[in-house]
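Here is a friendly walk through one protein model. Have a look at the sequence and the 3D view, then read on.

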Amino acid sequence: MRRPAGAGHGRHCWVHDPPDAPGTWPGLLVEWRQRADGWHGRIAYTVTGTHGPVLVEAWLPAGQLQQG
């Protein structure tokens with residue numbers, strides 16, 4: 001997912017293979033930030049934990065995000 005020009009916050013996306021949670025997870029894109037190695041999105045997403053769903057917030061490279 002490339003950073004769309006003028007895109008608002010709070011957009012649904014798919015998170016591919018985040019750290020410690022292989023697979024594809026539904027997420028919410030909160031904001032974008034450009035770093036030296038490219039665009040990163042601040043994402044809130046849930047993964048399956050030992051006792052149920054766990055909410056995770058992380059900065060991930062745009063290449064791991066897909067528009068939902």
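## A protein built from strands

Of the 68 residues in this protein, 26% count as buried, where buried means under 20% relative accessible area, exposed over 50%, and partly exposed in between (1.4 Å probe, protein chains only). The model is predicted, so to speak of local features a pLDDT of at least 70 is needed, side-chain atom pairs count only at pLDDT 80 or more, and totals for chains, interfaces and linings use all residues. Residues are numbered from 1 along each chain as its sequence is written, and side-chain values use heavy atoms, with hydrogens and water left out.

What pattern does the protein follow along the sequence? It reads β-β-β-β-β, with five strands and zero helices. Helices (H or I, at least four residues) and strands (E, at least two) are DSSP runs, numbered from the N terminus.

Now look at how strands pair, which requires that DSSP finds at least two bridges between them.

| Strand pair | Bridges | Direction |
|---|---|---|
| E1 (residues 11-16) and E2 (residues 24-35) | six bridges | antiparallel |
| E2 and E3 (residues 38-49) | eight bridges | antiparallel |

In the pairing of E1 with E2, tryptophan 14 stands opposite proline 26 in E2. Arginine 33, in turn, stands opposite histidine 40 in E3. E2 passes into E3 through a hairpin of two residues.

Finally, consider the whole protein. Among contacts (heavy atoms within 4.5 Å) between residues at least 6 apart in sequence, 33% join residues at least 24 apart. The protein exposes about 4400 Å², with carbon and sulfur atoms supplying 52% of it; accessible areas come from the Shrake-Rupley method with a 1.4 Å probe, and for residues only the protein chains shown count as cover.
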